[in-house]
Structure formats: C-alpha cells, structure tokens
Amino acid sequence: MSDLESGDEGISGSKYNMGNLEGSTRNEFDTTCKGKLALFYLTCHKILSTILVGTGVEQELATKMLQIQSKRFYLDVKQNRRGRFIKVAEIGADGRRSQIYLALSTAAEFRDHLSSFSDYYASLGPPNTDNLPEDGKLKSEMMIKDYRRYYLDLKENARGRFLRVSQTITRGGPRSQIALPAQGMIEFRDALTDLLEEFGANDGGFKGDLPEERHMKVDNKNFYFDIGQNNRGVYMRISEVKNNFRTSITIPEKCWIRFRDIFNDYCDKIKKSDSNTADINLPTTSNSLK
C-alpha cells in the first residue's frame, strides 16, 4: 500500500488524491517524475558504459577439435578479465551439447590425471559384461579449484569404458559433465598438452589499473560506483547513500554488459514514454480551453 492510499480519509478529494487532479497538473506531475527517472537511468547508463570501455568481451585464443568414436570434443582456450581458461564442449551423435570449464592450472592437473587414468586403463583386461562393478566405477580422483570441484570417474557399463568428468560449484548451481570414451584419453591428453605448451598453466587474470570510483547525486541520494577485485575476479559495487544509511549491491564483471543492456533498454522505454506524453500534451484549440 502506498503512502497516498494509507493516509487519513480526511484528505480524500484534496490535492493528494491523484484521481481528482486537473488534467494539466497531473500531466506536469507525471512528466516531472518521468524526467527524473529518465535522468537517473541515463546517468547510470553513461557511468556503466564508461566503466565498460576497454573491458573487452571474452576472446577465443585457440581451439582444437577431436573426433572420438561418435562424439566431437572442442577444446577452446578463452580469455577475459579474470584470466585464461579452457572450455571443453562435448557434442554427442544426437547433437546434444555439454561442457565444463577448466582454469589453465586445473587443465594442467587434469592432463596429469589423464596420464594416470590411461596407464590404469591399459592395465585392465578385456571388459567382462558379466562381472561389472556395482557402481560402475573403476578408478576415481577429485580436483578442487577455488569454488569448483571436479570429479573424475573411470567407469564401465554394458557399452564400454569411459571417463566421466563432473564439475560442481560448492556455493550452489547446476552440475555439468562430459563423458570421454576411454580409448580417447591419450588423444585428449595430447591435445591438452599442446594447448598448455602454447599458453602455459598460469591462469593469469586482470593485472591492469582498475577504473576509478564514480559518483552521482540524485535529489538527496548519493550513488557510488566502486570497482574491486578478489580471488573470484573483478566486480562492481553500487552503493546508495541517504541520510547516513547505506545499501549496496555487488555485480560480477562477467555480467556487466548484460546489466548495462538492461539499463539501456529501460532508457529507451522511458524515452519513448516521454515522447508519447509530449505529443499528447501539445496545445490544442478545443472549445473546452477557450
């Protein structure tokens, strides 16, 4: 319930009752509010656009494609402000796609595990479908990188042996996984090795100067835009300060462009709304105004 709706009944019909405002007064009120809102959106949009200048979008540095049995695997080396990483995508025979992300240091650790798994796989005898492990697992390992965990499971079922690589996020989120046929582990390891020899195992990350703090004032409120960095990457903190009361939100750098685009969309809609209102309020020579 708004302040107008919750007020004393004694003011009903007064100037606080929007329903009884004269047309011209109400239009002025609406136009003023929309003007301030439009100014707020536009100012935020300009600040966000300025901060994003030079940020750069995600870049693809190299890619390799492997055909292993009926599956295709793409290993893409990418780079953004948080550093370099490898996106591993699996495309099944039915066109289904699944993918995981590996920091370069994690990819190096994964490469070493692939050697270990390959040696173990080579030591196994021929598959015996009549004597499969109860859970299908033959050998397992785990890798941890920041808030991500990777589970490596060499498994066997009626269709053969394969390495399942599952990626989970400790703070919550969907699990993603790929399944690599065991016969392709050596080829996959060699492809990873080639990429790591070219780009190294250093995750990198943003090492330049962070953009300076920005500030704007709207009526009696102050808004501050601060850029920071931690072990999870670069982020923006937007704070609203009013009468010594402060609230803030934190936005990861990976979604800045999307955040800016949403603001831009609101700016466009407010502009159109203002334009339509201006057309409606053009002076007329109707009898009611004579």
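**A guided look at the cores, helices and a pocket**

Visitor: Which residues have the most contacts inside the largest nonpolar core?
Guide: Keep in mind that this is a predicted model. Its largest nonpolar core has 32 residues. Those with the most contacts inside this core are Leu-75, Ile-86, Phe-110, Leu-163 and Phe-188.

Visitor: Which helix gives the most to this core?
Guide: In soluble globular proteins, nonpolar side chains tend to be buried together. In α3, the buried residues include Phe-188, Ala-191, Leu-192, Leu-195 and Leu-196. With 7 residues, the helix that gives the most to the core is α3, residues 185-199.

Visitor: How many residues are in the second, separate core?
Guide: Among its members are Phe-223, Ile-227, Ile-251 and Trp-256. The number of residues in this second core is 9.

Visitor: How far apart are the end C-alpha atoms of helix α2?
Guide: Helix α2 covers residues 104-123, which makes 20 residues. At 1.5 Å a residue, α2 should span 28 Å. The model agrees with that, since the end C-alpha atoms are apart by 29 Å.

Visitor: Is Ala-122 buried or exposed?
Guide: Ala-122 is found in helix α2, a helix in which Phe-110, Leu-114 and Phe-117 are among the buried residues. A residue counts as exposed when its relative accessible area is over 50%. The value for Ala-122 is 63%, so Ala-122 counts as exposed.

Visitor: What separates the C-alpha atoms of Ala-122 and Ala-182?
Guide: Along the chain, these two residues are 60 residues apart.

Visitor: Which strand supplies the largest share of the lining of the second largest pocket?
Guide: This pocket has a volume of about 640 Å³ and is lined by 24 residues, with Lys-71, Glu-90, Arg-159, Phe-162 and Ala-179 nearest its centre. Strands β4, β7 and β8 each supply at least two residues of the lining. The largest share, 5 residues, comes from β8.

Visitor: How many residues in that lining of the second largest pocket are charged?
Guide: The lining divides into nonpolar, polar and charged residues. There are 8 nonpolar and 8 polar residues, and the number of charged ones is 8.

Definitions and conventions: Residues are numbered from 1 along each chain as its sequence is written. This is a predicted model: local features need pLDDT of at least 70, side-chain atom pairs count only at pLDDT 80 or more; totals for chains, interfaces and linings use all residues. Side-chain values use heavy atoms; hydrogens and water are left out. A nonpolar core is a set of buried Ala, Val, Leu, Ile, Met, Phe, Trp, Tyr and Cys residues joined through side-chain atoms within 4.5 Å. Buried means under 20% relative accessible area, exposed over 50%, partly exposed in between (1.4 Å probe, protein chains only). Helices (H or I, at least four residues) and strands (E, at least two) are DSSP runs, numbered from the N terminus. The expected span of a helix is 1.5 Å times one less than its number of residues. On a 1 Å grid over the protein atoms alone, a cavity is a set of points where a 1.4 Å probe fits but cannot get out, and a pocket is an open set with protein on both sides within 12 Å along at least five of seven lines; lining residues have an atom within 4 Å of a point. Grid points are joined across faces, edges and corners, and a volume is the space filled by probe spheres set on the points. Ala, Val, Leu, Ile, Met, Phe, Trp, Tyr, Cys and Pro count as nonpolar, Asp, Glu, Lys and Arg as charged, and the others, Gly among them, as polar.
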